[in-house]
Amino acid sequence: MVASEVLRQAFAERFGGEGHLYAAPGRVNLIGEHTDYNMGFVLPGAIDKGISVAIRLNGKKTYRVAALDFGEEVIFAADGQKLPQAWANYILGVVMEFHSRCFAVPGFDAVFAGDVPVGGGMSSSAALESAFAFAINDLGNFGIACRELAEIGQAAEHKYAGVRCGIMDQFASLHGAKDQLIKLDCRSLEYELVPFHLPGYRVVLLDTKVKHSLASSEYNTRRAECEAGVKVLQKLNAQVHSLRDADLAMLEAARSQIDAATFTRCQYVIEENARVLNAVSHLKAGNTAAFGQEMYASHEGLSKLYNVSCAELDLLVDVAKECGVTGARMMGGGFGGCTINLVAEESFARFMQQARSDYTNKFGREPAVYEVIISEGARRLT
Ligand code: GLA
């Protein structure tokens with residue numbers, strides 16, 4: 001997390017005096033990808049990297065926000081007019097969502113900065129939404145539960161960033177706990193904290209640094225394909241309202257009515273939901289090796305059936321396998337971003353060396369490496 005002193009100083013320089021400090025983390029997801037918007041299961045955790053905000057009510061009707069990392073500042077009103085700076089729209093979106101729920105957000109001055117790599121698949125945007133949603137709720141004494149704050153962030157992303165994301169990223173950023181993963185049922189939003197403290201293992205992300213320009217349009221396409229699959233399945237099985245309610249036998253029975261691409265998308269989601277539940281059982285039973293195998297199987301499905309991987313991600317997962325890494329897979333929406341790796345201490349050095357050299361040989365540059373620690377969620381610092 002960004003040092004509080006940096007924000008305090010930046011706030012004082014711009015606005016004079018002191019703001020209240022808040023922070024919200026990015027997230028990793030151990031398993032359960034593209035299952036959230038299909039009302040299924042995910043297993044994310046908040047991380048020790050995120051967005052920090054210094055903020056103070058200003059007694060006006062406008063919001064003035066400076067983004068230290070971009071060297072930009074905007075002033076806006078709650079009129080819903082989109083802003084030219086992409087980052088500012090996430091904050092505008094959050095403010096507008098409070099308003100649409102009849103919570104009038106008082107004007108504020110704010111400065112924020114972060115250490116979540118943008119575009120790395122660790123949800124820097126959810127961290128930003130969650131930091132502001134949490135701060136606004138607290139400063140306005142609105143008393144909104146974190147679960148609804150997550151929905152506010154998600155809606156902001158839908159309406160102001162154009163990505164029809166699920167609830168996982170915002171939920172994890174707001175509900176994270178140290179050394180615990182969140183087994184979230186994305187239909188009921190009930191969740192269970194699952195201890196994830198594995199001495200002798202590291203959670204390491206390898207960033208391909210690929211940013212696919214089609215990522216958000218492909219994301220929305222996958223979502224639409226899943227919805228198309230549900231429509232057909234529902235005709236044959238009235239109880240199916242999402243892929244969460246379907247099983248492989250139902251899908252097989254509908255094969256002739258579903259096009260081949262949609263079939264494989266649905267197959268992946270149904271299988272991935274089962275993998276999350278299996279992975280949680282393995283974790284609870286202390287079977288780290290079996291947990292890791294579920295991660296590899298998840299990648300296989302994402303790459304071959306859901307078709308959201310890319311050559312760079314596939315290579316990094318192959319190298320992990322060769323080096324005996326316990327579990328590895330692409331993480332997040334796909335088409336670039338990071339792989340997540342569960343690495344035993346004794347495999348770490350070899351894996352890093354091999355990943356760097358194989359990746360450089362094939363793609364002409366090194367992947368970035370981030371080690372993460374599962375940490376607490378959004379909070380007030382001062
Ligand atoms: C992005 C979205 C999430 C989720 C993942 C894929 O991170 O924001 O809601 O759908 O992709 O699992």
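Tutor: Let's begin with residue classes: Ala, Val, Leu, Ile, Met, Phe, Trp, Tyr, Cys and Pro count as nonpolar, Asp, Glu, Lys and Arg as charged, and the others, Gly among them, as polar. By that rule, the lining of the largest pocket has 22 nonpolar, 18 polar and 8 charged residues. This is a predicted model, where local features need pLDDT of at least 70, side-chain atom pairs count only at pLDDT 80 or more, and totals for chains, interfaces and linings use all residues. Residues are numbered from 1 along each chain as its sequence is written, and side-chain values use heavy atoms, without hydrogens and water.

Student: What volume does the largest pocket have, and which residues are closest to its centre?

Tutor: The volume is about 1,200 Å³. Tyr90, Gly119, Ser124, Ser125 and Glu157 are the closest to the centre, out of 48 lining residues.

Student: And the second largest pocket?

Tutor: That one has a volume of about 240 Å³. Its 14 lining residues include Asp179, Phe196, His197, Leu198 and Tyr201, the closest to its centre.

Student: What makes residues of α8 and α9 "meet"?

Tutor: Contact means heavy atoms within 4.5 Å. Among those meeting are Tyr268 and Arg275 in α8, and Phe291 and Glu294 in α9. The contact residues divide into 7 nonpolar, 4 polar and 3 charged.

How values were computed
Helices (H or I, at least four residues) and strands (E, at least two) are DSSP runs, numbered from the N terminus. On a 1 Å grid over the protein atoms alone, a cavity is a set of points where a 1.4 Å probe fits but cannot get out, and a pocket is an open set with protein on both sides within 12 Å along at least five of seven lines; lining residues have an atom within 4 Å of a point. Grid points are joined across faces, edges and corners, and a volume is the space filled by probe spheres set on the points.
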